[in-house]
Amino acid sequence: MENFDWKNLSFGYVKTDYNIRCYYRDGKWGELEIHTEEDITMSMAATCLHYGQEAFEGLKAFRGKDGDIRIFRPQENAKRMVSSAEYIEMAPLPEEKFVEAIKKVVKLNERFLPPYGTGASMYIRPVLIGTGARVGVHPADEYLFCVFVTPVGPYYKNGFKPIDVIVDRGHDRAAPHGTGHIKVGGNYAASLKSQSWAKKQGYSIVLYLDSAEKKYIDECGTSNFFAIKGNTYITPASHSILHSITNLSVMDIARGMGMEVECHKVAFSELDSFDECGACGTAAVVTPISKIVDPINGKEYIFSDSETPGRVTEKLYNRLRAIQLGEEEDKFNWIVTV
Ligand code: PLP
Ligand code: COI
């Protein structure tokens, strides 16, 4: 698009030309439909409005160095949306249909795909909601899957710069055996209060500890947590964290760089022993953490100044971006071109 200020885009919503929809009725999914309107019409008794029957995904498309359109690992998002749907008793959308919808919506809105070299990308947001009317607490009999796209800049306004993080011991994002491992709206509703609490105090994000004992690191509100210790990449394993596709990918990149990768329970008390810490996710990409503050005793764990990313974190970020942008060979077969 001419005259569009791609370089100064924030992570916000820009209306694009088309969205794709698919309805589940009478026990089966229909065909993918192309729509231009943003609005959705549904019964006021729809289960997504009352009982949180809602799951979503987030993934990105990039304009590569060679001009090709690259979508990052859509099959993984398709699988994750099936697990989210099944866990809250929604009709799962078949994976092939999901991927087809993603390719279609990106292609149709190609004019909104940020050019190579701008640092911006196209964020893709698939949503699955219960639209069937219910008043008793039961799963719906009708569902709507829709997917829209929007061009986005960096999630944190300073781009690839270290951020400050605060631990929230007063709110839980997810229960120990709850829905933290799936991508449902309720988890984000539960995180809004602590996110505003953190923002008011000047922190970019919240780090959640396990809600049962507050002893182990879970994740951040919109990204997984990782740490670098010597030549090892460490990331927490927990039932209540979302299985991040970015984290999965960064683990492979780290292995490819000759690093050890460990995924296990990480005690908060180990923070002192880490050389670098970071957050990773589709929106966050790989974000270095400069300090983590524990409000209970005011203790600060400092990993870098606010300008200089950790050396290993920066390498991981660069490798991931290079694959996404087609600057480096996609040895892992992650990219789907449109
Ligand atoms: N954890 C949470 C709570 C998230 O919202 C996200 C974002 O999707 C992630 C982790 C990162 O997941 P992914 O890398 O699949 O985007
Ligand atoms: C993502 O990274 O895709 C997310 O879902 C994080 C946030 C924007 C909800």
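These notebook entries record what I looked up about the ligands, pockets and cavities of a predicted model.

**Entry 1. Conventions**

I noted that residues are numbered from 1 along each chain as its sequence is written, and that chains are lettered from A and ligands numbered from 1 in the order in which they are written. Because the model is predicted, local features need pLDDT of at least 70 and side-chain atom pairs count only at pLDDT 80 or more, while totals for chains, interfaces and linings use all residues; side-chain values use heavy atoms, with hydrogens and water left out.

**Entry 2. Ligand 1**

I looked up the shell of ligand 1 and found 17 residues around it, of which Tyr188, Glu219, Ser244, Thr246 and Thr282 are the closest. A residue counts as near a molecule if one of its heavy atoms lies within 4 Å of it.

I then looked up polar contacts, that is, pairs of N or O atoms within 3.5 Å; within protein, one must be able to donate a hydrogen and the other to accept it, and residues adjacent in sequence count only if both atoms are side-chain atoms. For the side chain of Tyr188, I recorded 2.5 Å between an N or O atom and an oxygen atom of ligand 1. The side chain of Lys183 has an N or O atom 2.8 Å from an oxygen atom of ligand 1.

Ligand 1 on its own has 380 Å² of accessible area, and the protein covers 97% of it. Accessible areas come from the Shrake-Rupley method with a 1.4 Å probe; for residues, only the protein chains shown count as cover. Strand E11 (217-220), helix H5 (245-256) and strand E15 (276-281) are the elements that give two or more residues to this shell. Helices (H or I, at least four residues) and strands (E, at least two) are DSSP runs, numbered from the N terminus.

**Entry 3. Ligand 2**

I found that the residues surrounding ligand 2 include Phe11, Phe56, Arg125, Tyr155, Lys183, Tyr188 and Thr282. An oxygen atom of ligand 2 is 2.6 Å from an N or O atom in the side chain of Tyr123. For the side chain of Lys183, the corresponding distance to an oxygen atom of ligand 2 is 2.7 Å. Ala283 contributes a polar backbone atom, 2.8 Å from an oxygen atom of ligand 2.

The protein covers 90% of the 280 Å² of accessible area that ligand 2 has on its own. By class, its shell holds six nonpolar, three polar and two charged residues.

**Entry 4. The pocket that holds the ligands**

Where does ligand 1 sit? I found ligand 1 in the second largest pocket, and ligand 2 also sits in the second largest pocket. A molecule sits in a cavity or pocket if more than half of its atoms lie within 2 Å of its grid points. On a 1 Å grid over the protein atoms alone, a cavity is a set of points where a 1.4 Å probe fits but cannot get out, and a pocket is an open set with protein on both sides within 12 Å along at least five of seven lines; lining residues have an atom within 4 Å of a point.

The second largest pocket has a volume of about 370 Å³. Its lining has 24 residues, and Tyr123, Lys183, Tyr188, Thr222 and Ala283 are the closest to its centre. Grid points are joined across faces, edges and corners, and a volume is the space filled by probe spheres set on the points. Strand E7 (121-130), E11, H5 and E15 each supply at least two lining residues.

**Entry 5. The largest pocket**

I recorded about 550 Å³ of space in the largest pocket. Of its 22 lining residues, Tyr156, Lys199, Tyr203, Ser204 and Ile205 lie nearest the centre. Helix H4 (185-200) and strand E9 (163-167) each give at least two residues, and H4 has the largest share, five residues.

**Entry 6. Cavities**

How many cavities of 30 Å³ or more does a search of the whole structure find? The search finds three. The largest cavity has a volume of about 120 Å³, and strand E5 gives the most to its lining, with three residues. The second largest cavity has a volume of about 60 Å³; five charged residues are in its lining, with four nonpolar and two polar.

Notes:
Ala, Val, Leu, Ile, Met, Phe, Trp, Tyr, Cys and Pro count as nonpolar, Asp, Glu, Lys and Arg as charged, and the others, Gly among them, as polar.
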